Amino acid sequence: GSSGSFLASPLAMECNACFGSSDTHAVDDHSSAVHRIQGVDASKHAQDPNGDCSTAAHKEVLRLATGTLGTVQKLEPLQVNWSPHPAGIRQVSRGDVVKCHWSEFHAVGDVVKAVRGLKYTGANGIVVEKYMRGKITGLYPLSVGWRPTFTGQVSAADIVKCKPTEFRVVGDTVKATRDLRYAYGETDTLVQENMLGRITSLDPLCVQWPTVNGQVSAADIVKCDSSEFRDVGNVVKATRDLKYAYGATDTLVEKGTLGKITSLYPLSVAWPTYTGQVSAGDIVKCTSSEFLLVGNVVKATCDLTYPQEGAILESGCSLM
């Protein structure tokens, strides 16, 4: 995930192109639990008689307001889990939703920081200083684990979601800010400036470089932007037409087709109809707004109405 307002763009890319077949597995239980950073708490929709699901006045339908958040449950056909809204899991059209920017929602596991000093009087007077970082542990109520031994409730105004560049976690891809030399016995191993590695430990801070796993200082590395590296599972698109010869049949992957990286050495991509090797120039990493995956957070682009009865039903934008 960068900071700033989210620019909604049409979901024009065919999402199942990333997999070669429809991705139909259900999201994890916690991944459907999202909390809008600004606006009405989604958990109130079910209780508010004048809100998004005004069932008192319209007993035959449930109403879901523009901007309501949900998570993608299935790609083909596109289904969204609107929980805790009573609409539940419903089928939607591409134009009914847009993928959310990471800054638009809270989810369990998000790293956040306090925007002011917080004092918990019922917890031996524990004080959380301004800018202290913690991790969201619950959404209803909104709670943050500030320390290994302390978790406290907060309001949405007490915290702000951290930018990816503001924290490190094990597994992050980083690059060296200068040449680093590691001495092992009589042999020195050089890690050159701008070489990429992956964090293996935070305390002490250690990085697995291509040739050595070594300890670093915070100033020795900088966290990479997602556009600076490739990893297995990344969604990419073809920069040109690619032709694969398979027996007597040629398979064409057209420019702009989406696929998913399956291997780095050699660099290989699973396209909708074929898995084949590519060169670095054959592909470009997609931005988050260019594709949908199961579990992605989306928001409604218009008011939606659903029948109260039934399971997964198709929806449409309300004209009311």
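A disulfide is here a pair of cysteine sulfur atoms within 2.5 Å. By this rule the count for the present model is 0 disulfides. For background, such a link is a covalent bond between the sulfur atoms of two cysteines.

The model is predicted: local features need a pLDDT of at least 70, side-chain atom pairs count only at pLDDT 80 or more, and totals for chains, interfaces and linings use all residues. Residues are numbered from 1 along each chain as its sequence is written, and side-chain values use heavy atoms, with hydrogens and water left out.

**Stop 1**

Select cysteine 162 and cysteine 224. Buried means under 20% relative accessible area, exposed means over 50%, and partly exposed lies in between (1.4 Å probe, protein chains only). Cysteine 162 is buried because its relative accessible area is 4%. Cysteine 224, at 9% relative accessibility, likewise counts as buried.

**Stop 2: colouring by confidence**

Colour the chain by pLDDT, the predictor's confidence in each residue, from 0 to 100. The protein chain has an average pLDDT of 81, and 78% of the residues score at least 70. Residues 1–32 have a pLDDT below 50, yet this stretch makes 70 contacts in the model beyond near neighbours in sequence; a contact means heavy atoms within 4.5 Å. Next select residues 316–320, where pLDDT also stays under 50 and the model has 15 contacts beyond four places in sequence. Where pLDDT is low, the predicted coordinates should not be read in detail.

**Stop 3: the sheet containing E29**

Strands (E, at least two residues) are DSSP runs, numbered from the N terminus, and two strands pair if DSSP finds at least two bridges between them. Select the open sheet of 5 strands with the order E5-E4-E3-E29-E6, in which the pairing is antiparallel. Strand E5 (89–91) and strand E6 (97–99) stand at the edges; each has a single partner strand, so one side of each lacks a neighbour in the sheet. Neighbouring strands of this sheet are turned by 40° against each other on average, direction ignored; the axes are lines fitted to C-alpha atoms, and angles run from 0 to 180 degrees between N-to-C directions.

Within this sheet, 3 bridges join strand E3 (residues 69–74) to E29, and the two run antiparallel. Leucine 69 stands opposite lysine 299 in E29.

Which strand holds alanine 300? Alanine 300 lies in strand E29, and at 3% relative accessibility it counts as buried. Leaving aside neighbours within four places in sequence, the contacts of alanine 300 include Leu64, Trp82, Asp96 and Val97. Alanine 300 and lysine 99 are 201 residues apart in sequence, with a C-alpha to C-alpha separation of 9.2 Å.

**Stop 4: asparagine 296**

Step back to asparagine 296, in the loop between strand E28 (283–285) and strand E29 (297–300). Is asparagine 296 buried or exposed? It counts as buried because its relative accessibility is 16%. A polar contact of 3.2 Å joins the side chains of asparagine 296 and lysine 99; the term denotes a pair of N or O atoms within 3.5 Å, where, within protein, one must be able to donate a hydrogen and the other to accept it, and residues adjacent in sequence count only if both atoms are side-chain atoms. A polar atom of the asparagine 296 side chain also lies 2.7 Å from the backbone nitrogen of leucine 293. Not counting residues up to four places away in sequence, asparagine 296 touches Gly70, Thr71, Val72, Lys99 and Phe291.

**Stop 5: the sheet containing E8**

Select the open sheet of 5 strands in the order E13-E12-E11-E8-E14, again with antiparallel pairing. Its edges are strand E13 (150–153) and strand E14 (159–161), each with a single partner strand, so one side of each is left without a neighbour in the sheet. Strand E8 (residues 111–114) is joined to E14 by 3 bridges, and the strands run antiparallel. Valine 112 stands opposite lysine 161 in E14.

**Stop 6**

The peptide bond from tyrosine 140 to proline 141 is cis, with omega near 5°. Proline 141 is found in the loop between strand E11 (133–139) and strand E12 (142–147). A cis peptide bond also joins aspartate 203 and proline 204, with omega about 5°; proline 204 is in the loop between strand E18 (196–202) and strand E19 (205–208).

Finish with tyrosine 131, a residue other than glycine whose phi is positive, near 75°. Tyrosine 131 lies in the loop between strand E10 (126–128) and E11, and counts as exposed at 53% relative accessibility.

Conventions. Helices (H or I, at least four residues) and strands (E, at least two) are DSSP runs, numbered from the N terminus.
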